[in-house]
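This report describes one protein chain and two ligands. Please look at the sequence and the model below before reading on.

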Amino acid sequence: MTASSPSSVTVRVPAKVNVQLAVAGPRSDGFHALANVFLAVSLYDRVTVTPSDGLRVTCSGPDAAQVPLDASNLAARAALALAGRYGREADVHIHIDKDIPVAGGMAGGSADGAGALVACDALWGTGASRSELLEICAELGSDVPFSLIGGVALGEGRGEVLTPLEAGGTFHWVFAVADGGLSTPAVYGECDRLRAAAGTDPGPDQPSASPALLAALRAGDAVALAAAVSNDLQSAALSLRPSLASTLSAGVEAGALAALVSGSGPTTAFLAKSREDGERVAAALSASGTCRAVRVAAGPVEGATVVAG
Ligand SMILES: C[C@](O)(CO)[C@H](O)COP(=O)(O)OP(=O)(O)OC[C@H]1O[C@@H](n2ccc(N)nc2=O)[C@H](O)[C@@H]1O
Ligand SMILES: Nc1ncnc2c1ncn2[C@@H]1O[C@H](COP(=O)(O)OP(=O)(O)OP(=O)(O)O)[C@@H](O)[C@H]1O
């Protein structure tokens, strides 16, 4: 550390919802080509890195007990990857203040990976370029590059090849957090199984983004966006967790413009006309007893951002 180095750095990183998730059939490497339209929303993890004798991870927040604190933690993997590239030790204490539901389909682990990468880069004065950071993100996981850039973006390939998109306004969301998580590979596997059983495997080719969805985003038009949202993993998530159907119905009955599973689930996402409508949908979902917790959020918001240090 030089005299001018910060003594610690804190980075704030948002959760995501997928407003379109078009999934092709499995590729030969086991991944699926996607047309994945990500939107970053205002639920955040905060990742703080401080110089330490060795690599150590701690976590606080309501779901902290479910977060691994060993080298499998995506934040630890990010620190190791950056240190490895720059030939230094990952001698850092990473603290995750976790507000994003764990294994909820909102890219919580990916957020921590992107956050730790940006934080270590700032702490160590690495000076890595944006494209170098994005390359490391893509090695860590398909959702991690988007956690770095935030906003709204189309993810192609396995979701890591990003094209930033325009959004003409703020969209208001309600998220119903379910009890327990769903494993992302298990949900992709169930999607393949259901398609094989129905004889509807679409093949491995790259799917396309929906023009109507992109136009709705550009216009900032929540009603048009509600008509265009889609998630090819939704039936698989419902197959593995049938109780999510009653959460989706409760949100629709409460007046949500659209109700969908967030990514691989089991968090469900509800689009509202306004912040006030969102508060009403949130209150009705809480009263319905069909979920563990309810959160309101808005987006798009910016990606991983240094907030202290
Ligand atoms: C469901 C989404 O959250 C939507 O944004 C993502 O596609 C998942 O992204 P992620 O959690 O970063 O996933 P990764 O860590 O890259 O991959 C975990 C596992 O999910 C499956 N996977 C993931 C992405 C993808 N395009 N096809 C897949 O089949 C694979 O089984 C893979 O082994
Ligand atoms: N920093 C982390 N925070 C949470 N989970 C982590 C972290 N690092 C590794 N994991 C592991 O990743 C698994 C998935 O957690 P995560 O919260 O990222 O799921 P998710 O939001 O469904 O992911 P995605 O939406 O990207 O598919 C957890 O069960 C946990 O074992």
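## Active site

UniProt positions are given in the numbering used here, feature names are shortened, and annotations may be inferred rather than shown by experiment. The model is predicted: local features need pLDDT of at least 70, side-chain atom pairs count only at pLDDT 80 or more, and totals for chains, interfaces and linings use all residues. Residues are numbered from 1 along each chain as its sequence is written, while chains are lettered from A and ligands numbered from 1 in the order in which they are written.

In an unreviewed entry, UniProt gives the annotation "active site" to Lys16 and Asp143. These residues span 128 residues in sequence, yet no two of their C-alpha atoms are more than 9.1 Å apart, so they gather at one spot. Lys16 is found in strand S1, and Asp143 in the loop between helix H3 (130-140) and helix H4 (144-149). Helices (H or I, at least four residues) and strands (E, at least two) are DSSP runs, numbered from the N terminus.

Are the two residues buried or exposed? A residue is buried if 20 or more other C-beta atoms lie within 10 Å of its own, exposed if 12 or fewer, and partly exposed in between, with C-beta atoms placed from the backbone. Lys16 counts as buried because it has 30 C-beta neighbours inside 10 Å. Asp143 has 29 such neighbours inside 10 Å, so Asp143 counts as buried too.

Two residues are in contact if their C-beta atoms, placed from the backbone, lie within 7 Å. Leaving aside neighbours within four places in sequence, the contacts of Lys16 include Phe38, Met106, Ala107 and Asp143. With residues up to four places away not counted, Asp143 touches Lys16, Ala107, Ser110 and Gly159.

## Surroundings of the two ligands

A residue is near a molecule or strand if its C-beta atom, placed from the backbone, lies within 6 Å of it. Around ligand 1 there are 19 residues, and Gly141, Ser142, Asp143, Arg158 and Pro185 are the closest. Strand S1 (9-26), strand S2 (32-51) and helix H5 (184-198) each give two or more residues to this shell. By class, the shell around ligand 1 has six nonpolar, 11 polar and two charged residues. Here Ala, Val, Leu, Ile, Met, Phe, Trp, Tyr, Cys and Pro count as nonpolar, Asp, Glu, Lys and Arg as charged, and the others, Gly among them, as polar.

Ligand 2 has 22 residues around it, of which Ala107, Gly108, Gly109, Asp112 and Asp143 come nearest. Helix H1 (74-85) and helix H2 (108-124) each supply at least two residues of the shell. The largest share, four residues, comes from H2. The shell around ligand 2 has nine nonpolar, 11 polar and two charged residues.

## Annotated domain

An unreviewed UniProt entry lists residues 73-151 as "domain: GHMP kinase N-terminal". This span is 58% helix and 8% strand, and its end C-alpha atoms lie 25 Å apart.

Which residues of helix H6 (residues 211-219) are buried? They are Leu213, Ala216 and Leu217. These cover an arc of only 100 degrees around the axis, which puts them on the same side of H6. The arc is that of the directions from the helix axis to the C-beta atoms. The cover over the buried residues of H6 includes S1, S2, strand S5 (152-156) and helix H7 (222-228). Gly220 follows H6 and has a positive phi, near 65 degrees.

In H9, the buried residues are Leu244, Thr247, Leu248, Ala250 and Gly251. Down the axis of H9 they fall within an arc of 160 degrees, so they line one face of the helix. Ser246 is also found in helix H9 (residues 244-253), but Ser246 counts as partly exposed because it has 13 C-beta neighbours inside 10 Å. Just after H9, Gly255 takes a positive phi of about 105 degrees.

## The whole chain

The chain contains 10 helices and 12 strands. Its radius of gyration is 19 Å, close to the 19 Å that the globule rule gives for 309 residues, so the chain is as compact as a globular protein of that length. This radius is taken over C-alpha atoms, and the globule rule is 2.2 Å times the number of residues to the power 0.38. Of the 309 residues, 50% count as buried.
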